[in-house]
Amino acid sequence: YPEISLAGSYTTNAFDANKDDALDDGSFGNENDQFVIGVNVSFPISFEQERVNLAQKNVELMQAKLSRKLVEDQFRFNSDRLQKLMKTRKENLYTTQSRLKNAKASLNETSRLFNIGRVDIDRFINAEQDLLNTRQSFVNNWFEYEIALSQKASLYGKLLNILKQKF
């Protein structure tokens with residue numbers, strides 16, 4: 001758009017503001033009152049700076065859109081990964097829990113057979129060791145499941161809610 005400006009000015013040779021005549025009615029010539037009114041219209045010939053600014057803003061907008069898409073994709077990827085990880089951890093936890101139940105039953109049976117002299121000490125010790133290993137595996141699987149749960153809660157911004165429930 002063109003720029004339009006209006007200007008005006010007034011000048012005189014009268015020195016005394018209370019009197020209309022210069023130098024107490026004496027003047028070196030005629031009164032010299034001058035009125036100037038002007039209109040200035042300027043058209044920009046080139047819009048190069050505006051084009052550069054527009055291109056820069058378009059680049060910034062594109063970068064912001066790509067950054068947002070990257071964050072969304074990372075969030076979606078992490079959410080899917082954690083969902084699969086939690087499913088696997090939960091399955092491992094159920095499997096280990098079942099193994100723990102079987103190891104306890106096996107130790108009880110081995111203990112009963114050991115007490116009546118049907119199995120030797122090595123088999124009894126192996127049954128106890130199997131129960132200890134299974135308990136350790138159960139605790140490890142439970143811990144890994146809790147880590148995955150915490151990571152998912154952290155991803156969705158609900159970690160504090162989970163921690164408040166636990167403690």
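This passage looks at the aromatic pairs of a predicted model and at one residue in a helix, N141.

Two aromatic pairs turn up in the structure. One of them is made by Y10 and F35, whose rings sit 4.7 Å apart, centre to centre. With 35° between the planes, this pair is tilted. Y10 belongs to strand β1, which covers residues 3-11, while F35 belongs to strand β2, covering residues 34-42. The pair therefore ties together parts that are 25 residues apart in sequence. As for accessibility, Y10 is partly exposed at 46%, and F35 is exposed, with a relative accessible area of 66%.

The other pair brings in helices. F114 and F124 are stacked, with 5.1 Å from centre to centre and 15° between the planes. Here F114 comes from helix α1 (residues 48-115) and F124 from helix α2, so the pair links parts that are 10 residues apart in sequence. F114 counts as partly exposed, at 29% relative accessibility. F124, on the other hand, has a relative accessibility of 16% and counts as buried, because the cut-off for that label is under 20%.

Helix α2 runs over residues 121-155 and also holds N141. N141 has a relative accessible area of 12%, so this residue is buried too, going by the under 20% cut-off. Leaving aside residues up to four places away in sequence, N141 touches N92, L93 and T96.

Note on methods
Residues numbered from 1 in each chain as written. Predicted model: local features only at pLDDT ≥ 70, side-chain atom pairs only at ≥ 80, totals over all residues. Heavy atoms only, no water. Helix = DSSP H or I, 4+ residues; strand = E, 2+ residues; numbered from the N terminus. Buried < 20%, exposed > 50% of the residue type's maximum accessible area, 1.4 Å probe, protein only. Contact = heavy atoms within 4.5 Å. Phe/Tyr/Trp six-rings, centres within 6.5 Å; stacked < 30°, edge-to-face > 60°.
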